[in-house]
Amino acid sequence: GEVGVGWQIDTQEVAARGVREAMAERMSLASTRIAQSRAAVASLSTLERGGEGREDPMDPISNTPTPYLGATAAGFKRDAVQKLFHQVGLRAIVGMVRYDDEDVRLHAVKVIANLAADTHNQGRIVEEEGLAALLDIFRGKGSKSNGEATCRIAAGALANLAMREANQSDILDSGAVELLTLFAHHAAEPQSHRMVAGAVANLCGNNEVEVKLHAAGGLELLTALSESDSAEVLTQVGRGFANYSRCGRGRRRMALDGALPRVVALATQDFPGVNSAARRHAQVALCEIAMDANNVRAIAEQPGAIDVLAHLAEHAAGGSSLRRAAGKAIGVVMQHVGGGGDGDSRKSEGGRSNRDGGSGGLSLDDSRQRSGTQPISGGGGGSSEARRDSG
């Protein structure tokens, strides 16, 4: 019954053919369904071994489910995922996430992660208890304990589910951020930290859940992950900072709760280990924080913050929007630095983001940066200026 096969017996059938015959037929049907599920998982596993030596040939945070394979193989793998989906159904796949065999759990989580990259599936996966099953991966004990690879893919699946704003409250209420924090603490691989950072970044920037995200430790987790020396991790962290700064309360928290020094560090041109994408995201976040008049004292007192803003106002690459924003930020700081920052030129506590056309925003950066159904941008300063749904 681990794949959700029904066990109801029609009473007339029992009367006609006997209990034993009816049960034998039902057991045969169940065995067939289980065999189909295992065969489909086995075929998917065979395909994955054809990947270029990567442990995780499917990248759950990326737009394409199989970026590590060639075009032909990638299309074939997508067909295999869809075949499994149509053969056994979503409920059966979710049931396989709780299977006794970790290898089965791993492949089932990969399928869910890739299904969740499609916006049409994100709501249904949560409705079919897929979110709860993914969180059980992190809670596993004894025979149900899971290795880092399985938990890493589960984190990627959560990142994709978090693309849908309607899922975010459920994700936060379920304790996902707390479980991701524990996983990040024990994980050894940078790719695991990258998945965690991507999941948190996708939860950032939504005013309606910002309080829940803060209570769950979302900003603290991003700040801790900003100590990584992996460029891929830092790109996701920077994206999370940029998204978080879109919320009025988020900007204030970043200025006061320890994130600002890390934002400045990531935004600095010569900070070691930071690629152009991470730096660009952090620069956007710094401008957002500084343009909030409630934060001018924190900006003025943070070593390096004014220097970065001044440099951006003069030399920001990739377009004029960031230069304009940096210039406005410096203007706000200079105007209020002697007055304690009481005049709020932008609604910092009202939960209003730049998306509604508030003054001083980055004109080309009006949507939250998300990663899940679009590829992660590995570099290039201009790629993250337009706040697309990508990292």
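Colleague: Is Arg253 buried or exposed?
Modeller: This is a predicted model, and in it Arg253 is found in helix H15, residues 248-256. Its relative accessible area is 18%, and the cut-off for buried is under 20%. So Arg253 counts as buried.

Colleague: Which residues does Arg253 touch, leaving out those up to four places away in sequence?
Modeller: Contact here means heavy atoms within 4.5 Å. With residues up to four places away left out, the neighbours of Arg253 are Glu210, Val211, His214, Leu219 and Tyr244.

Colleague: How far from Cys247 is the nearest cysteine sulfur?
Modeller: Cys247 is buried, at a relative accessible area of 1%. A disulfide needs two cysteine sulfur atoms within 2.5 Å, and Cys247 is in no disulfide. The nearest cysteine sulfur belongs to Cys204, and its distance is 8.0 Å.

Colleague: How many disulfides turn up in a search of the whole structure?
Modeller: Cys247 is in none. Searching the whole structure gives a count of zero.

Colleague: What is the relative accessible area of Cys151?
Modeller: Cys151 is one of the residues lining the largest pocket. Cys151 is also buried, because the cut-off is under 20% and its relative accessible area is 7%.

Colleague: Which helix gives the largest share of the lining of the largest pocket?
Modeller: That pocket has a volume of about 190 Å³. Two elements give two or more residues to its lining, helix H8 (148-161) and helix H10 (176-186). The largest share is four residues, and they come from H10.

Colleague: By class, how many charged residues does the lining of the largest pocket have?
Modeller: The lining is made up of Phe138, Gly147, Glu148, Cys151, Leu179, Leu182, Phe183, His186 and Ala187. Six of these are nonpolar and two are polar, and the number of charged residues is one.

Colleague: Which helices do the buried residues of H6 pack against?
Modeller: Helix H6 covers residues 119-127, and its buried residues are Asn121, Gln122, Gly123, Ile125 and Val126. Their packing partners are helix H4 (90-96), helix H5 (102-115), helix H7 (130-139), H8 and helix H9 (165-173).

Colleague: At the start of H6, which residue has its backbone nitrogen within 2.9 Å of a side-chain oxygen of Asp118?
Modeller: A pair of N or O atoms counts as a polar contact within 3.5 Å. The Asp118 oxygen reaches to within 2.9 Å of the backbone nitrogen of His120.

Colleague: And what is the phi of Glu129, which follows H6?
Modeller: Glu129 comes after H6, and its phi is positive. The value is near 70 degrees.

Key: Residues are numbered from 1 along each chain as its sequence is written. This is a predicted model: local features need pLDDT of at least 70, side-chain atom pairs count only at pLDDT 80 or more; totals for chains, interfaces and linings use all residues. Side-chain values use heavy atoms; hydrogens and water are left out. On a 1 Å grid over the protein atoms alone, a cavity is a set of points where a 1.4 Å probe fits but cannot get out, and a pocket is an open set with protein on both sides within 12 Å along at least five of seven lines; lining residues have an atom within 4 Å of a point. Grid points are joined across faces, edges and corners, and a volume is the space filled by probe spheres set on the points. Ala, Val, Leu, Ile, Met, Phe, Trp, Tyr, Cys and Pro count as nonpolar, Asp, Glu, Lys and Arg as charged, and the others, Gly among them, as polar. Buried means under 20% relative accessible area, exposed over 50%, partly exposed in between (1.4 Å probe, protein chains only). A polar contact is a pair of N or O atoms within 3.5 Å; within protein, one must be able to donate a hydrogen and the other to accept it, and residues adjacent in sequence count only if both atoms are side-chain atoms.
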